[in-house]
Amino acid sequence: MAKPVAIEVYNPNGKYRVVSTKPMPGTRWINLLTDQGCRVEICHLKKTILSVEDIIDLIGNRCDGVIGQLTEDWGETLFSALSKAGGKAFSNMAVGYNNVDVEAANKYGIAVGNTPGVLTETTAELAASLSLAAARRIVEADGFMRGGLYEGWLPHLFVGNLLKGQTVGVIGAGRIGSAYARMMVEGFKMNLIYFDLYQSTRLEKFVTAYGQFLKANGEQPVTWKRASSMEEVLRDADLISLHPVLDKTTYHLVNKERLAMMKKEAILVNCSRGPVIDEEALVNHLRENPMFRVGLDVFEEEPFMKPGLADMKNAIVVPHIASASKWTREGMATLAALNVVGRIKGYPIWSDPNRVDPFLNENASPPNASPSIVNSKALGLPVSKL
């Protein structure tokens with residue numbers, strides 16, 4: 001196998017060697033590493049997804065830390081190689097880390113970083129964008145127009161769904177799910193039904209207050225309900241957005257049986273993780289229910305789609321771009337870099353990984369801490385008191 005030879009190096013005489021498996025947006029993350037005495041090596045190998053063998057070649061005989069991507073398989077083999085090279089840290093440039101065997105990292109004493117706290121609004125905005133595009137059939141209409149098929153206004157041309165006064169359902173009302181719910185409730189005066197293992201008190205208070213505001217101005221107030229089950233959300237909502245974590249309990253959370261519970265003209269949006277939906281069952285449901293629509297940013301077997309999905313006009317599919325705003329992607333790169341250098345330098349772990357504004361302020365030096373290390377407790381790492 002050819003070794004990755006396209007390497008861009010910054011601060012070649014740096015004391016610590018940090019490898020990035022992909023070029024990342026912005027330059028601040030590079031400057032933060034070099035300012036802390038790191039030699040930064042960025043792989044420019046012309047492959048979308050690096051193999052385990054590629055990454056072992058990058059790690060080499062000496063490597064203090066690696067910044068990697070959600071598409072890479074970080075398990076026993078890579079953590080063993082990184083440990084043998086003297087490495088202390090690996091950080092995903094992602095909030096998720098289902099590509100990481102954290103137990104293997106613990107075994108070799110490798111800190112695993114992720115980048116929460118910077119993707120919330122950006123991801124929620126894309127979920128809202130997919131919701132609107134599906135409701136108003138924007139992608140279909142765009143293709144129709146570009147294809148030269150428009151001959152004039154017609155009463156039935158691309159009739160879609162009105163969101164105002166309808167019910168938006170949220171499954172997983174954490175940071176992103178709650179942000180999405182607020183956008184849809186306040187932006188489109190939708191009623192809310194949500195399911196989460198934990199009560200989202202702040203979200204409930206927000207909807208209550210907004211409902212009171214509308215009522216005071218002579219409008220129909222919006223309402224909220226915390227569902228007793230996910231099935232209740234699927235049955236009652238006109239628009240459902242999925243925001244759960246991916247684990248054994250949420251794999252194929254939406255399957256053939258649960259799709260059948262939904263309204264015939266419902267809209268389903270997924271910006272969480274692809275395997276949350278049984279994609280084969282979804283294709284069949286879309287084929288059998290042409291007024292049912294879906295907006296997907298993630299897929300069960302990325303980068304591939306299940307056969308038939310690309311042919312469904314009632315499906316909007318985009319290539320995992322929920323975090324793809326300039327500010328967010330540059331922020332993710334910054335947090336990933338600071339996770340690695342923080343562990344190399346022996347800094348403590350930031351006490352709240354969801355409040356990362358001090359790390360993202362370009363006009364001030366970041367705190368001497370790692371923003372988010374998911375296995376800090378298992379490794380016994382100290383927590384910052386800042």
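Reader: Which residues in α7 meet which residues in α8?

Author: In this predicted model, Ser178, Ala181, Arg182, Val185 and Glu186 are the residues of α7 that meet Leu203, Phe206, Val207 and Tyr210 of α8. Sorted by class, the residues in the contact of α7 with α8 are six nonpolar, one polar and two charged.

Reader: And at what angle do α7 and α8 pack?

Author: The angle between α7 and α8 is about 10°, and their axes are 10 Å apart. Because angles under 35 degrees count as roughly parallel, α7 is described as roughly parallel to α8.

Reader: What order do the strands have in the open sheet of seven strands?

Author: The order in that open sheet is β9-β8-β7-β10-β11-β12-β13, and the pairing is parallel. At the edges stand β9 (224-226) and β13 (315-317), each of which has a single partner strand, so one side of each is left without a neighbour in the sheet. If direction is ignored, neighbouring strands of this sheet are turned by 15° against each other on average.

Reader: How many bridges pair β7 with β10?

Author: Strand β7 (residues 167-171) pairs with strand β10 (residues 239-242) over four bridges, in the parallel sense. Within this pair of strands, Ile171 stands opposite Leu242 in β10.

Reader: Switching to the open sheet of six strands, what is its order?

Author: Those six strands follow the order β1-β3-β2-β4-β5-β6, and the pairing is mixed. The edge strands are β1 (7-10) and β6 (111-113), each of which pairs on one side only, and the twist from one strand to the next averages 15°.

Reader: How do β5 and β6 run, and what stands opposite Phe90?

Author: Strand β5 (residues 89-92) and β6 run parallel and are joined by three bridges. Opposite Phe90 stands Val112 in β6.

Reader: Which strands does α1 lie across, and which does α12 lie across?

Author: Helix α1 lies across β1, β2 (16-20), β3 (38-43) and β4 (65-68), and it runs at about 145° to β3. Helix α12, for its part, lies across β2, β3, β4, β5 and β6, running at about 165° to β5.

Reader: How far apart are the axes of α1 and α12?

Author: The axes of helix α1 (residues 28-35) and helix α12 (residues 326-345) are 8 Å apart, and the two helices pack at an angle of about 15°. That angle makes α1 roughly parallel to α12, and the crossing of the two is right-handed. On the α1 side the contact is made by Arg28, Trp29, Leu32 and Leu33, and on the α12 side by Ala333, Thr334, Ala337, Leu338 and Val341. By class, the contact of α1 with α12 has seven nonpolar residues, one polar and one charged.

Reader: What about α2 and α3, at what angle do they pack?

Author: Helix α2 (residues 52-59) and helix α3 (residues 76-84) pack at an angle of about 5°, with their axes 10 Å apart, and that makes α2 roughly parallel to α3. In this contact, Val52, Ile55, Ile56 and Ile59 of α2 meet Thr77, Leu78, Ala81 and Leu82 of α3. The residues divide into seven nonpolar, one polar and no charged.

Reader: Where is the cis peptide bond, and which loop holds Pro303?

Author: The cis peptide bond joins Glu302 and Pro303, with an omega of about 10°. Pro303 lies in the loop between β12 (293-296) and β13.

Reader: Phi next: is that of Phe158 positive or negative?

Author: Phe158 has a positive phi of about 50°, although it is not a glycine, and it lies in the loop between α6 (138-146) and β7.

Reader: Last topic: which residues does UniProt list for the NAD-binding domain?

Author: In an unreviewed entry, UniProt lists residues 130-322 for "domain: D-isomer specific 2-hydroxyacid dehydrogenase NAD-binding". Over residues 130-322 the chain is 35% helix and 15% strand, with the end C-alpha atoms 10 Å apart.

Methods. Residues are numbered from 1 along each chain as its sequence is written. This is a predicted model: local features need pLDDT of at least 70, side-chain atom pairs count only at pLDDT 80 or more; totals for chains, interfaces and linings use all residues. Side-chain values use heavy atoms; hydrogens and water are left out. Axes are lines fitted to C-alpha atoms, for helices over the stretch in contact, and angles run from 0 to 180 degrees between N-to-C directions. Angles under 35 degrees count as roughly parallel, over 145 as roughly antiparallel, 65 to 115 as roughly perpendicular and the rest as oblique. A crossing is left-handed if the near helix is turned anticlockwise from the far one by less than a right angle, and right-handed if clockwise. Contact means heavy atoms within 4.5 Å. Ala, Val, Leu, Ile, Met, Phe, Trp, Tyr, Cys and Pro count as nonpolar, Asp, Glu, Lys and Arg as charged, and the others, Gly among them, as polar. Two strands pair if DSSP finds at least two bridges between them. UniProt positions are given in the numbering used here, feature names are shortened, and annotations may be inferred rather than shown by experiment.
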